[in-house]
Amino acid sequence: MPGISNPSSGRAGGIRIVIAGKGGVGKTTITALLAHLISRKGLRVLAVDGDPQQNLAVTLGIPPEKAEQIVPVSKSDEYLREKTGAGPDISPGGLLTLNPDVSDVIERFSIPVADNLHLLVMGGVRMAGAGCLCPEYTLLAAILRHMPLLPDHVVLLDTPAGMEHFGRAVADGFDTALIVTDPSYNALSVARESALLAQQMGIKNRVLVVNRSGAKGDTRKVQEMCGEEGLFFRVFCLPADPEVVRSEPSVTLLPEQQSPFMNDVRCLADFILRTEVS
């Protein structure tokens, strides 16, 4: 399997994990499962949906009709105007607050899902990248940078494909990159590029999760494409499980099951907590 380097300990207080990878490999499912498993250990979990498709709510178990009514932070004109000085009713060309105070975002926008588990839906931006000065990006980047100030939370950020959408803000706010892939060539290519980007951004804890694995040749493919020494310090291989498909769109029944897939996801959750508190 890929080379494993020594993990670095997380920052003091709180755990912050960004989940990245190609679309369709199971990022949102794994994010939701980890959120439920960790919150059931008595830890406060904030699941953050940074994907414009906004599927994390229903995956966590919020009924679709209620999930559709959730207004993401980036679409709240009132909050955008209050924090950045921009909005649809303000003429362009004014001064944009580049470092807004978002200390109230959890209280105002997070949604209770279960005991110890809340959801924050951030929504998307018109543009992406470190050079974007659009109000939505400015606001969301400030929220990500605020995450280290939640010392008693486990924060799980579900992203679109890759991590470049929030640029430097991810590295400033998060300790660990959980990079999800399946054994396909395209997904492994994205996983490797995501790991290299995380490495360049200074995220030292990089974990590869190979979802739906187990077919002959999978181990060889992972080694060939993602086996660069030091790229990942741990690899988890999760077998395909038909119950995951049958349970869609919600994962709430899966944590009760004793299956090879769920047993491996529990091991992943335990590893994350052990690594981050060491």
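This is a predicted model: local features need pLDDT of at least 70, side-chain atom pairs count only at pLDDT 80 or more; totals for chains, interfaces and linings use all residues.

1. Strand β5, which spans residues 153-158, is mostly covered, six of its six residues being buried. His 153, Val 155 and Leu 157 point one way from the strand, while Val 154, Leu 156 and Asp 158 point the other way, and the residues on both sides are buried. Such a pattern may be read against the general rule that in a regular strand the side chains alternate between the two faces of the sheet.

2. Two parallel neighbours of β5 can be followed residue by residue. Strand β1 (residues 15-21) pairs with β5 in the parallel sense over five bridges, and within this pairing Ile 19 has Asp 158 of β5 as its bridge partner. Strand β2 (residues 44-49) also runs parallel to β5, to which it is joined by six bridges, and here Val 45 stands opposite Val 154.

3. Helix α6 covers residues 135-146, and its 12 residues reach 17 Å from the first C-alpha to the last, which is close to the 16 Å expected at 1.5 Å a residue. The helix is mostly covered, with 11 of its 12 residues buried; among the buried ones are Pro 135, Glu 136 and His 146, as well as Leu 139, Leu 140 and Ile 143.

4. The largest nonpolar core has 45 residues, and those with the most contacts inside it are Val 73, Val 105, Leu 120, Ile 143, Met 147 and Leu 208. It is α6 that gives the most to this core, with seven residues. Another core lies apart from it and holds 44 residues, including Leu 33, Ile 38, Ala 47 and Ile 70. As a general background, nonpolar side chains tend to be buried together in soluble globular proteins.

5. Of the salt bridges, how many does the structure hold? The count is 13, and one of them joins the side chains of Arg 212 and Asp 182, with N to O at 3.7 Å. Because Arg 212 lies in strand β7 (residues 205-213) and Asp 182 in the loop between β6 (176-181) and α8 (185-200), this pair ties together parts that are 30 residues apart in sequence. Asp 182 is buried, at a relative accessible area of 14%, whereas Arg 212, at 40%, counts as partly exposed.

6. Glu 224 is exposed at 56% relative accessibility, while Arg 220 is partly exposed at 48%. In the second, the side chains of Glu 243 and Arg 246 meet at 2.5 Å, N to O, and both residues lie in helix α10 (residues 242-246), three residues apart, or about one turn of the helix. Glu 243 counts as partly exposed, at 27% relative accessibility, and Arg 246 as exposed, at 57%.

7. Finally, the salt bridges also include a network, in which Glu 82, Lys 83, Asp 104 and Arg 108 are linked.

Notes: Residues are numbered from 1 along each chain as its sequence is written. Side-chain values use heavy atoms; hydrogens and water are left out. Buried means under 20% relative accessible area, exposed over 50%, partly exposed in between (1.4 Å probe, protein chains only). Helices (H or I, at least four residues) and strands (E, at least two) are DSSP runs, numbered from the N terminus. Two strands pair if DSSP finds at least two bridges between them. A salt bridge is a side-chain nitrogen of Lys or Arg within 4 Å of a carboxyl oxygen of Asp or Glu. The expected span of a helix is 1.5 Å times one less than its number of residues. A nonpolar core is a set of buried Ala, Val, Leu, Ile, Met, Phe, Trp, Tyr and Cys residues joined through side-chain atoms within 4.5 Å.
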